[in-house]
Amino acid sequence: MPADDGIEKSAILLVALGEDYASEVLKHLGPKEVQKLGHAMAALKSVPREKMESVLAEFHQTAAETTA
């Protein structure tokens, strides 16, 4: 997995969460992380539905595994 892949997935997830939830997440990150994610979010043109669903499914699976 390329290093930027995680940032892109994170940016897609934040966009999917919406502005209010994304801002809550960003509050817990450092300035450099916020800057990287901000650039990645701004660079997203249109995300194909399949890619969005894939990122959300991966996040859901990871969250379920870490809370189980």
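Helices (H or I, at least four residues) and strands (E, at least two) are taken here as DSSP runs, numbered from the N terminus. The structure is a predicted model, in which local features need pLDDT of at least 70 and side-chain atom pairs count only at pLDDT 80 or more, while totals for chains, interfaces and linings use all residues. Residues are numbered from 1 along each chain as its sequence is written, and side-chain values use heavy atoms, with hydrogens and water left out.

The protein chain has four helices and zero strands, and from the N terminus on its elements run α-α-α-α. Its C-alpha atoms fill a box of roughly 30 × 25 × 25 Å, taken along the principal axes. The radius of gyration is taken over C-alpha atoms, and the globule rule is 2.2 Å times the number of residues to the power 0.38. The value for the protein chain is 12 Å, which agrees with the radius near 11 Å that a compact globule of 68 residues would have. Where contact means heavy atoms within 4.5 Å, 74% of the contacts between residues at least 6 apart in sequence join residues at least 24 apart.

The accessible surface of the protein chain, from the Shrake-Rupley method with a 1.4 Å probe (for residues, only the protein chains shown count as cover), comes to about 5,300 Å², of which 59% belongs to carbon and sulfur atoms. Residues are called buried under 20% relative accessible area, exposed over 50%, and partly exposed in between (1.4 Å probe, protein chains only); of the 68 residues, 15% count as buried.

A nonpolar core is a set of buried Ala, Val, Leu, Ile, Met, Phe, Trp, Tyr and Cys residues joined through side-chain atoms within 4.5 Å. The largest one has six residues, namely A11, I12, L13, A40, L44 and V55. Helix α1 (residues 3-17) supplies the largest share of this core, three residues. When its neighbours within four places in sequence are left aside, L13 is in contact with V55, L56 and F59.

The structure holds five salt bridges, each defined as a side-chain nitrogen of Lys or Arg within 4 Å of a carboxyl oxygen of Asp or Glu. In one of them the side chains of E8 and K51 meet at 3.4 Å, N to O. Because E8 lies in helix α1 and K51 in helix α4 (residues 49-67), this pair ties together parts that are 43 residues apart in sequence. E8 is partly exposed, with a relative accessible area of 31%, and K51 also counts as partly exposed, at 31% relative accessibility.

A salt bridge is also formed between E58 and K9, whose closest N and O atoms are 2.9 Å apart. Since E58 lies in helix α4 and K9 in helix α1, the pair ties together parts that are 49 residues apart in sequence. D5, K9 and E58 are linked in a network of salt bridges. The side chains of E24 and K27 meet in a salt bridge of 2.9 Å, N to O; E24 is partly exposed at 40%, whereas K27 is exposed at 59%.

Patches are made of residues with over 30% relative accessible area and no salt bridge, like charges being joined within 9 Å and nonpolar side chains (Val, Leu, Ile, Met, Phe, Trp, Tyr) within 5 Å. L17, Y21 and V25 make a nonpolar surface patch of about 280 Å². Of these, Y21 lies in helix α2 (residues 19-26) and counts as exposed, at 59% relative accessibility.
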